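Subject: Structure handover

Hello,

Here is the structure I said I would pass on. My notes follow below it.

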Amino acid sequence: MIFALGHYLNRKRMAWAIFGVMTAGMLTFLIPTMITEIHGNPAIQHMHINQASGSMEGKEVRFGVQASAYWNILTTVISTGSVNSMHDSSMPVSGAMEMLGMMTNCFYGGCGAGFLNYYIFIIIAVFISGLMVGRTPEFLGRKIEAKEMKIATIIALLHPLLILAFTALSSWTLVNFPDIAWAVKPSNWLNNPGYHGFSEMLYQYASCSANNGSGFEGLADNNMFWNVTAGLVMIIGRYLPIIGPVAIAGILARKKYIPESAGTLKTDTGTFALMTYAVIMILAALAFFPALALGPLAEYFSLH
Amino acid sequence: MKSYLLPSLKLTAVLIILCTVIYPLLIAGVAKLAPGGGDGITLSSNGKVVGYENIGQKFTQDKYFWGRPSAVDYNAAASGGSNKGPSNPEYLAGVKARIDTFLVHNPTIKKEQIPADLVTMSGSGLDPDISVQAAKIQVPRIAKVRNRSEKEIYQIIAQIKESPLLGFLGPEKVNVLKLNIALNQK
């Protein structure tokens, strides 16, 4: 996708810069996951058995922890939804990284969603770095102005809003109406108590909004409440982010082309790549950190 | 309008043919070239088919090698894992119970020797393999029940264990069903 873009725009350097940021982002999630999975479960360590093979719950011997951890992250980053181990049983840090893969939702672009969101982040990064160095924010020779920024911001904030608001709704339902007379009572939704149960709900909505489909499968999600709310998240979370970027492209296309000059902010340099990376990580981390702190991080600290 | 509609219809038609005819045929063709011709590879014992190579089975008797614990009790029609989180007390109690059961059946083995894969559930519930360590620590029990030398059984493991792909991709593993067939044959 990215290289096709570089080819058609005749900006191969930019394609490489984008690919570099995506790979760096993927590695940011992959490395911690690999380390925690290889180290195994500290709670099982306390039982004094041999955990040289890593955390094996929910994993197959023929893949081992390395290949499982690798695919845990790749599948959530590129939104395929296929799994080769059970994410619900992965370690807290891995769980957080899997969720972040879907929360950033912009690396590589598996089912077409990745680059759309990355493009939104580029617009934001162009605007912010333009303000920082006092140059007119331009992308591909077109000025980025208030209207495009508004669309970009709405799309960038829509994803966290959907995931967090619906996780809040389900948590609220669970706490206030645990025994309401539904086919599956909310008190029976979760397969795991405490922090991990919260992670199950958070993961479910992240997966729905981020075009993924994998799940913390302990969650009893085949019933009215989950099918309806997750369906809503899917429709809003997948279609609006397509309309937004296309609208921006349409607006930009109608603008006058400004040839590059000394005053132009270059979008194919390492500095700009770093800037995009920072924008993505800060937006994703800031938006989701409180929720992650309640789920996987709290679980991590209770285990160690 | 027409200039949008026609190319869209054409594209839809092309994609239908590509995705529903050409792609499945291509995959089926690749499968035909694979070992087993695209069907599951079966294993036989004394001329009788006893199971599939890649679908695990349940062994509980002391004279056989045991596979990994399964959340679905090796029901091949309902593949699935336990989906228990790493801090779940219920889960940890389950692991502990499995360790204790194993120690009762294998009195010569120390806790520190038990590899994690033998007391944790697989993701599919149908894992056909165990680690080499998991096979080795079951040898004293099997040798005793079958009245055979441990050395002989270690040799069976050495014969059947599979090295990682290309020497480094994935762990070393042993197929439980193959082990048990070999045990019965000799």
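Which residues of helix α6 (residues 176-185) of chain B are buried? They are Val176(B), Leu177(B), Lys178(B), Leu179(B) and Asn180(B). Buried here means that 20 or more other C-beta atoms lie within 10 Å of the residue's own, against 12 or fewer for exposed and partly exposed in between, with C-beta atoms placed from the backbone. The cover over these residues of α6(B) includes β1 (42-45), β2 (48-52), β3 (129-130), α3 (132-136), α5 and β4 (174-175) of chain B. Helices (H or I, at least four residues) and strands (E, at least two) are DSSP runs, numbered from the N terminus.

Two notes on conventions. This is a predicted model, in which local features need pLDDT of at least 70 and side-chain atom pairs count only at pLDDT 80 or more, while totals for chains, interfaces and linings use all residues. Residues are numbered from 1 along each chain as its sequence is written, and chains are lettered from A and ligands numbered from 1 in the order in which they are written.

Chain B as a whole has 6 helices and 4 strands, in the order α-β-β-α-β-α-α-α-β-α from the N terminus. Along the principal axes, the C-alpha atoms of chain B fill a box of roughly 80 × 45 × 30 Å. Of the 186 residues in chain B, 32% are buried.

Next, a helix pair in chain B. Helix α4 (residues 139-146) and helix α5 (residues 150-160) of chain B pack at about 125 degrees with axes 9 Å apart (axes are lines fitted to C-alpha atoms over the stretch in contact, and angles run from 0 to 180 degrees between N-to-C directions). Val139(B), Pro140(B), Ile142(B) and Ala143(B) of α4(B) meet Glu150(B), Ile153(B) and Tyr154(B) of α5(B).

Last, the interface: 38 residues of chain A are in contact with 33 residues of chain B, contact meaning C-beta atoms, placed from the backbone, within 7 Å. On the chain A side, α3 (42-45), α4 (64-77), α8 (194-209) and α10 (270-303) each supply at least two residues. α10(A) gives the most, with 3 residues.

Regards

Notes:
Contact = placed C-beta atoms within 7 Å.
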